[in-house]
Amino acid sequence: MTNDIQYLKRSEIDIVKWDACIERSKGVIYGYSWWLDHMASHWDALVLNDYKAVMPLTWRKKYGFYYIYQPFFTASLGVFAGKAPFADIVQFLQAIPAKFKFIDIDVSETHTLREAHPVAGLTVHKRLNVMLDLGKSRSALTGAYSRLAKRSLEKANRHSIIVVRNDTPEDIITLYRKAYNTSHPGIRSKDYHSLTNCCNMAGEKNHLKTYTAHTPGGETIAFYIVLYDNNFVYSLVGGSTAKGKSMGAFYLLTDAAIQDHAGSGKTFRFEGSDIPGIAFFNRQFGPAEAFYMHIKMNRLPFPVNHFKKK
């Protein structure tokens with residue numbers, strides 16, 4: 001199969017065929033060309049045959065070296081295969097051109113990788129996501145919430161917190177940045193600008209919903225952006241102020257996003273976190289575990305390869 005995998009630059013990719021492959025694969029929304037065009041600094045691709053399977057290569061260049069990285073706000077990528085059987089990710093990794101000297105990416109839970117893989121320099125770490133089946137009724141979903149989640153929702157209702165669904169992505173991203181800028185110093189102004197433009201595009205394509213929590217006096221105390229497509233609902237960015245945390249406001253917004261899609265048959269992707277506090281919060285809504293892979297490959301020359309370990 002490796003000989004049938006072509007490396008194509010972005011300008012050489014047939015976007016109609018690309019997006020059709022992503023659609024057939026029932027993969028995550030982050031694989032579509034419009035998402036990659038907004039969120040990746042640059043991207044090229046590996047394409048099997050006539051777009052039977054594809055793998056985006058999101059890249060940058062630093063100190064003269066090309067490297068493949070995971071764009072901000074893009075939970076996972078990997079190989080998207082239009083039809084079963086699923087394409088072997090090992091063969092795609094082996095087909096990555098030698099000019100890319102360092103690879104540091106997350107690939108979705110649909111991928112598996114043998115422990116005795118043949119890819120030189122490749123290391124794999126398992127990461128945890130949690131997902132919630134939205135095929136159930138509203139009452140069944142709520143019934144599976146933890147006691148803490150139920151108490152937090154009751155607290156929010158006692159405070160008469162109001163959920164608003166029509167604030168702009170730009171407003172919410174501004175609130176998110178203000179609340180968490182010090183926690184995410186690596187995210188630059190241009191990254192937030194790209195996210196805003198991408199969310200506006202998602203809204204035009206009917207793939208986005210926004211949620212904000214307001215006190216009866218009109219103060220915004222929590223905010224949330226959720227993506228959705230035919231298969232998944234995605235937790236993109238969200239959070240709350242200190243007052244919002246004390247009132248259970250983000251529990252209320254998360255519940256609103258879940259209830260809006262109850263009975264849809266989709267899956268709510270919390271797009272997990274290695275941060276214990278976020279992981280704890282996500283688990284309060286009764287999701288199931290789903291593991292995905294964090295992949296690194298160091299092909300830098302000596303002695304640079306010893307400095308680039310993380």
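A residue is taken as buried when its relative accessible area is under 20%. In this predicted model, buried residues make up 49% of the 310 residues in the protein chain.

The secondary structure comprises eleven helices and 13 strands. The protein chain has a radius of gyration of 20 Å, close to the 19 Å given by the globule rule for 310 residues, so it is as compact as a globular protein of that length. Along the principal axes, the C-alpha atoms fill a box of roughly 60 × 40 × 35 Å. Contacts were considered for separations of 6 or more; of these, 74% join residues 24 or more positions apart.

The accessible surface of the protein chain amounts to about 14,900 Å². Carbon and sulfur atoms account for 52% of that surface. The charged side chains number 39 positive and 27 negative. The centres of the two sets are 5 Å apart.

At the residue level, His111 was examined. His111 sits in the loop between β6 (100–107) and β7 (122–133). The relative accessible area of His111 is 6%. The cut-off for burial is 20%, so a residue with a value under it counts as buried, and His111 is buried. Two contacts of the His111 side chain were computed. One reaches the backbone nitrogen of Val79, at 2.8 Å. The other is a polar contact with the side chain of Thr110, at 3.4 Å.

Note on methods:
Residues are numbered from 1 along each chain as its sequence is written. This is a predicted model: local features need pLDDT of at least 70, side-chain atom pairs count only at pLDDT 80 or more; totals for chains, interfaces and linings use all residues. Side-chain values use heavy atoms; hydrogens and water are left out. Helices (H or I, at least four residues) and strands (E, at least two) are DSSP runs, numbered from the N terminus. The radius of gyration is taken over C-alpha atoms; the globule rule is 2.2 Å times the number of residues to the power 0.38. Buried means under 20% relative accessible area, exposed over 50%, partly exposed in between (1.4 Å probe, protein chains only). Contact means heavy atoms within 4.5 Å. Accessible areas come from the Shrake-Rupley method with a 1.4 Å probe; for residues, only the protein chains shown count as cover. Lys and Arg count as positive and Asp and Glu as negative; His and the chain ends are not counted. The place of a charge is taken as NZ of Lys, CZ of Arg, CG of Asp or CD of Glu. A polar contact is a pair of N or O atoms within 3.5 Å; within protein, one must be able to donate a hydrogen and the other to accept it, and residues adjacent in sequence count only if both atoms are side-chain atoms.
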